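Q: Hi! I have a protein open on my screen and I'd like to talk it through. Could you help me read it?
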Amino acid sequence: MRKIYLIIYIAGLALLTGCGADRNLKKAEKYLALGEYYDAASEFKTAYSKTPAKDRDKRGQISQKLAYSYERINSTQKAIAAYRNVVRYHQDVADTHLALARQLMK
């Protein structure tokens, strides 16, 4: 009986932690739409850390938005690191490389 409760507890805990990244991602999207880039970057960073490492596509997409937010608040080194994550996760396009080059030029 105790094992069943333990299994249900662990499954519920796993579901709650999985939803956290989505919640942070929604908040970050709202902040980004409002132009509050510092708050958006904070939420994107939290969502990135809560996203499993095996979900490479989603981490790459979050990194793209995180890099843009860092670029807007003029945090060059963090933007460079985020753009490099985008390239590493193969979510890059030509504009990504251009933005990375601009950040490296700073």
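A: Happy to! One term to begin with: pLDDT is the predictor's confidence in each residue, on a scale from 0 to 100. We need it here because this is a predicted model.

Q: Where is confidence lowest, and where is it highest?
A: The lowest is helix 1, residues 2-34, with a mean of 71. The highest is helix 4, residues 76-88, at 97.

Q: You keep saying helix. How many helices and strands are there?
A: Five helices and zero strands. Reading from the N terminus, the elements go α-α-α-α-α.

Q: What does Ala47 touch?
A: Leaving out residues up to four places away in sequence, Ala47 touches Ala21, Asn24, Leu25 and Ile62. Take Ala21: it is 26 residues from Ala47 along the chain, yet their C-alpha atoms are separated by 4.4 Å.

Q: New topic: rings! How many aromatic pairs does the structure hold?
A: One. Its rings belong to Tyr37 and Tyr68; their centres are 6.0 Å apart and their planes are at 85°, so the pair is edge-to-face.

Q: Got it. Where do the two sit in the chain?
A: Tyr37 is in helix 2 (residues 37-50) and Tyr68 is in helix 3 (residues 56-72). They are 31 residues apart, so the pair links distant parts of the chain.

Q: And is Tyr37 buried or exposed?
A: Tyr37 counts as buried, because its relative accessibility is 19% and the cut-off for buried is under 20%. Tyr68, at 35%, counts as partly exposed.

Q: Last one: which charged ends sit over rings?
A: The charged end of Arg59 sits over the ring of Tyr48, 4.0 Å from the ring centre. Arg88 has its charged end over the ring of Tyr89, 4.7 Å from the centre.

Conventions: Residues are numbered from 1 along each chain as its sequence is written. This is a predicted model: local features need pLDDT of at least 70, side-chain atom pairs count only at pLDDT 80 or more; totals for chains, interfaces and linings use all residues. Side-chain values use heavy atoms; hydrogens and water are left out. Helices (H or I, at least four residues) and strands (E, at least two) are DSSP runs, numbered from the N terminus. Rings of Phe, Tyr and Trp (its six-membered ring) pair if their centres lie within 6.5 Å; planes under 30 degrees apart count as stacked, over 60 as edge-to-face and the rest as tilted. Buried means under 20% relative accessible area, exposed over 50%, partly exposed in between (1.4 Å probe, protein chains only). A charge sits over a ring if NZ of Lys or CZ of Arg is within 6 Å of the ring centre and within 35 degrees of the ring normal. Contact means heavy atoms within 4.5 Å.
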